[in-house]
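Please look over the sequence and the structure below before reading on. The paragraphs that follow move from a single residue to the packing around it.

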Amino acid sequence: MIYLQLFLNFFKVGLFTFGGGYSAMPLIKEYIAEQNGWLTLQELSDIIVISEMTPGPIAVNVAAFTGMRLLGFGGAVICTLGCIMPSVVICLVLALIYKKFKGMKALDGFMWGLRPCVIALIAAAAASIFLPALALSGFLPKSDVRLDVFPLILFSLSIFVIIKWKVKPVYIMLAAGAAGAGFYWLMPLLIHNA
């Protein structure tokens with residue numbers, strides 16, 4: 001039964017996602033973490049980070065990693081199929097329609113009208129991942145959650161380096177991952193020894 005539920009939930013994600021994988025993140029968060037509780041927000045954030053670093057569309061990677069995390073290889077296949085099936089069918093139908101009505105003003109207007117929605121979905125996805133990353137809940141009791149400035153500094157520094165020196169994002173991700181691993185590995189040792 002859980003296979004069918006996972007398939008249908010990722011089918012809905014694939015069906016209602018426009019503009020790429022980042023716009024799928026709010027839907028994945030709602031269906032997988034909030035409604036069904038299959039993953040915690042921390043686990044989902046970790047899966048999103050891993051999916052960002054692996055080749056392929058991020059929504060498909062998140063589906064595969066989620067399925068693997070919950071049910072192993074079979075779950076990965078089911079979630080991935082659920083995520084990509086609507087896109088395959090919709091793309092085939094739209095390709096036929098677009099080929100027939102190419103250059104029509106109403107169709108061009110519709111495509112331009114989707115852009116603000118995509119930007120809003122990407123902004124919501126960024127906020128849902130970025131804001132929890134600023135909480136130091138891993139090192140402090142749950143009642144005493146404070147702002148963790150390290151991710152904010154790392155984020156700001158990454159943006160600055162990308163803009164100033166045009167460094168490729170993959171190098172930024174590797175450097176930020178190494179800095180985060182070093183900082184968060186050393187931080188518990190320092191707190192424990194203090």
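Cys79 counts as buried because its relative accessibility is 0%, where buried means under 20% relative accessible area, exposed means over 50%, and partly exposed lies in between (1.4 Å probe, protein chains only). Cys83 also counts as buried, at 4% relative accessibility. The sulfur of Cys83 is 8.9 Å from the closest cysteine sulfur, that of Cys79, which is too far for a bond, since a disulfide is a pair of cysteine sulfur atoms within 2.5 Å. A search of the whole structure accordingly finds zero disulfides.

This is a predicted model, in which local features need pLDDT of at least 70 and side-chain atom pairs count only at pLDDT 80 or more, while totals for chains, interfaces and linings use all residues. Residues are numbered from 1 along each chain as its sequence is written, and side-chain values use heavy atoms, with hydrogens and water left out.

Two packed helices are described by the angle between their axes and the distance between the axes. Helix H1 (residues 2-15) packs against helix H5 (residues 73-101) at an angle of about 35 degrees, with the axes 8 Å apart; helices here are DSSP runs (H or I, at least four residues), numbered from the N terminus, and axes are lines fitted to C-alpha atoms over the stretch in contact, with angles running from 0 to 180 degrees between N-to-C directions. Among the residues that meet are Tyr3, Phe7 and Leu15 in H1, and Cys79, Cys83 and Ser87 in H5, contact being defined as heavy atoms within 4.5 Å. By class, the contact of H1 with H5 has 13 nonpolar, five polar and no charged residues, where Ala, Val, Leu, Ile, Met, Phe, Trp, Tyr, Cys and Pro count as nonpolar, Asp, Glu, Lys and Arg as charged, and the others, Gly among them, as polar.

Ser87 lies in helix H5 and is partly exposed, with a relative accessible area of 35%. Ser87 and Leu15 are 72 residues apart in sequence, yet 6.7 Å apart in space, C-alpha to C-alpha.

The largest nonpolar core has 22 residues, and those with the most contacts inside it are Phe10, Met25, Ile28, Ile32, Leu44 and Val62; such a core is a set of buried Ala, Val, Leu, Ile, Met, Phe, Trp, Tyr and Cys residues joined through side-chain atoms within 4.5 Å. The largest share of this core, six residues, comes from H2. Leaving aside neighbours within four places in sequence, Val62 is in contact with Met25, Ile28, Leu44, Ile47, Ile48 and Ser51.

Definitions and conventions: Helix = DSSP H or I, 4+ residues; strand = E, 2+ residues; numbered from the N terminus.
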